[in-house]
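Let's take a walk through this structure together. Have the sequence and the 3D view handy, and follow along one piece at a time.

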Amino acid sequence: MTSPDPEGLLAEQLLRLTRRVHRIQKRHLELRELGVTPAQSRLLCTLAHYGSPPRMADLAERLEVVPRAVTTLVDGLEANGKVRRVPDPSNRRVTRIELTDDGRETLRELRGARRSAAEEILAPLTEKERAVLGVLLDTLVDSETAKPC
């Protein structure tokens, strides 16, 4: 009899946890009735990390998606008043994306939704287990690209 592949089991556990996290975060977003999808919330969080309005290409690169995907997300967020397209002052062919006041308020609500989702997910863990998990996750996450919302 062979023993189970621990790496295969661990990979499956990580995938199940990822799906659970997404499901819980989506529910917390819906409960707050923010009118944004999880993908749009990720774009808003990314946008908040720029010191000045980025180009769509910058957002696509940071999010690691094709530019067309960013266009679709920005279209939806712009229609809901969360972001606006603004001309680049030095190159009129370039469009930049900035948060509106409503977008900044939505971002504050998103942070609250993420915190409450995290609390739900981490509820079974003790403080010590949470600290250990935090260290382990820091080891696994690329800290240069993954910034908290």
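Thr106 touches Leu34, Val36, Leu44 and Lys82, leaving aside residues up to four places away in sequence; contact here means heavy atoms within 4.5 Å. You'll find Thr106 in helix α5, residues 101-122. Helices (H or I, at least four residues) and strands (E, at least two) are DSSP runs, numbered from the N terminus. Thr106 counts as buried because its relative accessibility is 3%. For the cut-offs, buried is under 20% relative accessible area, exposed is over 50%, and partly exposed lies in between, using a 1.4 Å probe and protein chains only.

A word on where this comes from: this is a predicted model, in which local features need pLDDT of at least 70 and side-chain atom pairs count only at pLDDT 80 or more, while totals for chains, interfaces and linings use all residues. Residues are numbered from 1 along each chain as its sequence is written, and side-chain values use heavy atoms, with hydrogens and water left out.

Now hop over to helix α4, residues 67-79. (The expected span is 1.5 Å times one less than the number of residues in the helix.) Which residues of α4 are buried? They are Val70, Leu73, Val74 and Leu77. Looking down the axis of α4, these buried residues fall within an arc of 100°, so they line one face of the helix; the arc is that of the directions from the helix axis to the C-beta atoms. On the other side of α4, Arg68 and Ala79 are exposed. The cover over the buried residues of α4 includes α2 (38-48), α3 (56-63), β1 and β2. Just after α4 comes Gly81, with a positive phi of about 75°.

Helix α3 has its own buried set: Met56, Leu59, Ala60 and Leu63. They sit on the same side of α3, because they cover an arc of only 100° around the axis. Covering the buried residues of α3 are, among others, α2, α4, β1 and β2. Just after α3, Glu64 takes a positive phi of about 60°.

β1 (residues 83-88) and β2 (residues 91-99) pair in the antiparallel sense over 6 bridges; two strands pair if DSSP finds at least two bridges between them. Together β1 and β2 form a hairpin, with 2 residues between them.

Key. Expected span 1.5 Å × (residues − 1).
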